[in-house]
Amino acid sequence: MAVAMASAANCGVYFSSNTNKLNFPVFDFKNHSWSAAFVTTPPNILEKRSVRLSFSMMGIIPRATSSATAVESDGSFQDTDTVPTPKVIIDQDSNPDATVVEITFGDRLGALLDTMNALKNLGLNVSKANVYLDSSGKHNKFAITKASTGRKVEDPELLEAIRLTIINNLLEYHPESSSQLAMGATFGVEPPKEKVDVDIATHIRVDDDGPDRSLLHVETADRPGLLVDLVKIITDINITVESGEFDTEGLLAKAKFHVSYKGKAIIRPLQQVLANSLRYFLRRPTTEEASF
């Protein structure tokens, strides 16, 4: 994925500058022409194609807008050398009617009203679900639906836009998170001190999940556009993605997808094809990396 540096005040994630009549951004991803649901496409796993996002496609993902009432940090944390690991979870499983998003950054997050407003600028209804505390910090949960339909978000491109919008605002309001996030190398003020080795970090497993579907686990180094990339490579071999969860945890991304093939669980030979396709794709250098 494209690697560039930006100041904290200008850390925007860009897709397309086109807007519709409601002034919501239109996300125009090259090589991705899916409808607002996961679909399958003819198999094409050996063609060397570039489906990762690049900075040549840029338009602005909505950023937080400062206001007197919108508090992103509650100021209650002590400034220490230990920076917590930021976590962003996009959950498509727990609520049949809404996409659930959970954000955690130790005890450093406030009401996140600006982040909620930035998400609304994507054409979404956003409501605060609940907040709870545990040993890992303060967990902020939101229920998200599309404003145009009132339904949960199914489009992988919009789900990725939600993820990057949250991370972008986290980097803006909490620049100390930059060194803890893979996106910090692209959009933050300080890149991570260590770069994740994709070969070592990538783990893929397929488990049984009943007679009609399987559960795909993917863990790898995070990068912009990863969620879209994963769904694209899965559907390229005619495997259907039914639902799942996508977690951004510091430098890593962890995904769980409920998948099926022609309405049935994936048999062993196809599981191997799926795993090999994902490994090949994830371990390839990005277009920008290959150009250096």
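Which residue of strand 4 does Tyr 132 stand opposite? I looked this up in a predicted model. Tyr 132 stands opposite His 139.

I then went through the two strands themselves. Strand 3 covers residues 124-134 and strand 4 covers residues 137-146. I found them paired in the antiparallel sense, over 10 bridges. The two strands form a hairpin, and 2 residues lie between them.

Next entry: helix 1 against helix 2. I noted helix 1 at residues 113-120 and helix 2 at residues 156-173. Their axes are 10 Å apart, and the packing angle is about 145°. I recorded the crossing as right-handed. On the helix 1 side, the contact uses Asp 114, Thr 115, Ala 118 and Leu 119. These meet Ile 162, Thr 165, Ile 166, Asn 169 and Tyr 173 of helix 2. Sorted by class, I have 5 nonpolar, 3 polar and 1 charged residues in this contact.

Last entry: helix 2 against helix 5. Helix 5 spans residues 226-235. I read an angle of about 155° between helix 2 and helix 5, with the axes 8 Å apart. Because angles over 145 degrees count as roughly antiparallel, I put helix 2 and helix 5 down as roughly antiparallel to each other. Their crossing is right-handed. From helix 2, I listed Pro 156, Glu 157, Leu 159, Glu 160 and Arg 163. Their partners in helix 5 are Leu 226, Leu 227, Val 228 and Val 231. By class, I get 6 nonpolar and 3 charged residues here, with no polar ones.

Methods. Residues numbered from 1 in each chain as written. Predicted model: local features only at pLDDT ≥ 70, side-chain atom pairs only at ≥ 80, totals over all residues. Heavy atoms only, no water. Axes fitted to C-alpha atoms, helices over the stretch in contact; angles between N-to-C directions. Helix = DSSP H or I, 4+ residues; strand = E, 2+ residues; numbered from the N terminus. Left-handed = near helix turned anticlockwise from the far one by under 90°. Contact = heavy atoms within 4.5 Å. Nonpolar A, V, L, I, M, F, W, Y, C, P; charged D, E, K, R; others polar. Parallel < 35°, antiparallel > 145°, perpendicular 65-115°, else oblique. Pairing = 2+ DSSP bridges.
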